Amino acid sequence: MVKKNVSKKNDYFMNKNNLLASIALFGELYTNDKKENLSDILFDFIKGAVSFKERYTLNSTELKDLLSDVYGFSIPESVIRTTVKNRLKNGVTFNNGVYSFDIKTCLDKKNTISEINNINQKQEEIIKRLFEYIKTRDTNSSLTEEKVWEKLRDFIIDSEYSDEYSALISAFIINNNKELNPILNSIKKGLVLYNGLCFSNDISQSGKWNDELTIYLSTEHLFNCMGYNGILFKEVFSDFFSLVREINLSEKKQPRNGIIHLKYLEETKDEIDKFFQAAESIKKGTCIPDLSRPAMMEIINSCKNINDIKLKQARFYADLKTKNIYLKEQSYNTINQDYNIQSLGVIEELKSISNKKNKSFDEDTSLQYLQMFSKINYFRRGFSNLPFEKVRHIYMTENRFALFIAYNINKNTNEYCVPLAKDIDYIITKFWFKLKKGFNNNVLPKNFDVVARAQIVMASRISDSLADYYDKLRDELKEGKLTEEEAIELYALYTNKTLFPEEINSSNIEDT
């Protein structure tokens with residue numbers, strides 16, 4: 001009977017889905033036990049794994065493999081070595097590269113395993129319900145429970161993740177907000193800490209940001225800054241902006257304008273200017289608004305005439321300056337080909353990767369992003385194989401195509417490689433961990449809320465769908481397949497479907 005129970009446990013801990021439960025417990029321990037030192041929690045996890053597997057003598061490589069086997073963790077060996085070495089004589093000794101753990105001390109932490117098991121059981125119940133939810137709404141779905149588990153895990157862990165089931169997962173989370181929020185947000189909190197351990201070059205230096213960094217904001221983030229895309233996007237940007245301001249005000253010895261600089265590229269300014277020009281054309285009646293762009297609808301609805309739009313544009317740039325967000329004026333040396341990543345070969349490779357993943361690929365758009373990324377690469381002087389704190393320049397965007405390109409053009413990667421572009425969730429998480437903010441006495445950033453993430457995903461899907469409808473409507477009107485009256489009627493119907501993320505909730509999610 002005993003052998004049977006042990007076998008079940010071993011089978012359970014070989015399950016790769018254990019990672020989410022382990023991360024959730026990590027977040028709960030940090031929050032509830034109010035521990036300020038992440039290494040203390042990691043050391044407790046190490047002792048729990050040692051006790052569970054009854055392996056009390058190991059080197060650092062074996063410890064790394066043990067954490068992977070038991071919890072699904074993939075923590076750098078250097079972090080593990082530092083964690084254990086700093087606690088020598090605290091239930092562990094070191095000799096000839098081998099750590100020896102005290103059995104009694106480790107047994108005290110064996111309950112870590114049962115706590116993870118309890119969390120995992122709750123997660124399995126969620127997966128079963130999500131599986132049934134997807135089946136009732138997509139009768140052609142070939143997903144298994146295991147695949148559903150993988151997709152939910154990717155949805156929570158990877159802020160850039162998106163596939164055909166992201167909308168259904170988002171709808172399920174919004175529908176079951178009150179019930180799911182505690183456990184999903186525990187995972188999100190733990191993920192902030194876990195990623196910090198995995199990707200920080202020196203966790204002992206947390207609590208202060210020391211390095212100069214320039215963040216180039218995309219058009220959507222500049223609009224979010226001013227609230228053009230709704231309240232939720234503005235709140236997320238405000239959380240980011242507050243962390244930047246805290247870093248810049250933290251040290252009197254820092255330069256007058258701080259060490260985190262917010263700028264935007266000339267290409268971004270051109271896009272914004274064209275946006276306001278399009279708004280003027282709409283007011284003139286020469287074109288109809290693109291319903292997929294909430295910022296456009298905000299500008300049109302808040303301006304009575306063309307002069308109002310011009311005034312709004314002028315105020316937009318003036319308000320950016322009051323927030324110390326400036327146009328990047330440094331010239332880019334187009335002659336220097338060492339940092340130029342635009343080439344036919346790169347485009348063909350990106351196109352090939354897209355085809356393998358069944359994703360659409362726009363060559364003209366890719367060229368635009370490659371031009372901007374060449375600038376970022378030039379500013380970095382080609383150095384991307386560094387921890388985030390050291391890269392000095394990065395482009396911040398939520399555009400999935402831009403993030404896809406940035407991720408796939410990094411050739412010489414290592415464990416610290418930071419793409420030329422990342423999303424706001426990634427950067428907020430880095431700042432939050434580095435500043436050692438914790439979760440007890442702080443108002444948490446909005447992007448740590450999994451339900452808010454689900455609302456943003458749904459709003460994005462609505463915008464994508466409306467963009468498709470908008471293009472189809474325009475084409476059919478040109479081709480004479482629709483009369484002007486029919487087009488106006490359909491356009492009015494689509495207008496009623498436009499929603500900001502914060503407007504999506506459990507009462508309207510099914511209609512959405």
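How many aromatic pairs does the structure hold?

## Aromatic pairs

The structure holds 30 aromatic pairs. Rings of Phe, Tyr and Trp (its six-membered ring) pair if their centres lie within 6.5 Å; planes under 30 degrees apart are stacked, over 60 edge-to-face, the rest tilted. W209 and F388 are edge-to-face, because their ring centres are 5.8 Å apart and their planes stand at 70 degrees. W209 is in the loop between α10 and β4, and F388 in the loop between α17 and β7, so the pair ties together parts 179 residues apart in sequence.

## About the model

This is a predicted model: local features need pLDDT of at least 70, side-chain atom pairs count only at pLDDT 80 or more, and totals for chains, interfaces and linings use all residues. Residues are numbered from 1 along each chain as its sequence is written, and side-chain values use heavy atoms, leaving out hydrogens and water.

## Strand β3

Helices (H or I, at least four residues) and strands (E, at least two) are DSSP runs, numbered from the N terminus. Strands pair if DSSP finds at least two bridges between them. Strand β3 runs antiparallel to β2, with 4 bridges. It also pairs with β1 in the antiparallel sense, over 2 bridges. Y99 in β3 stands opposite F94 and is the bridge partner of L58. Y99 and F101 form the covered face of β3; V98 and S100 form the uncovered one.

Conventions: Buried < 20%, exposed > 50% of the residue type's maximum accessible area, 1.4 Å probe, protein only.
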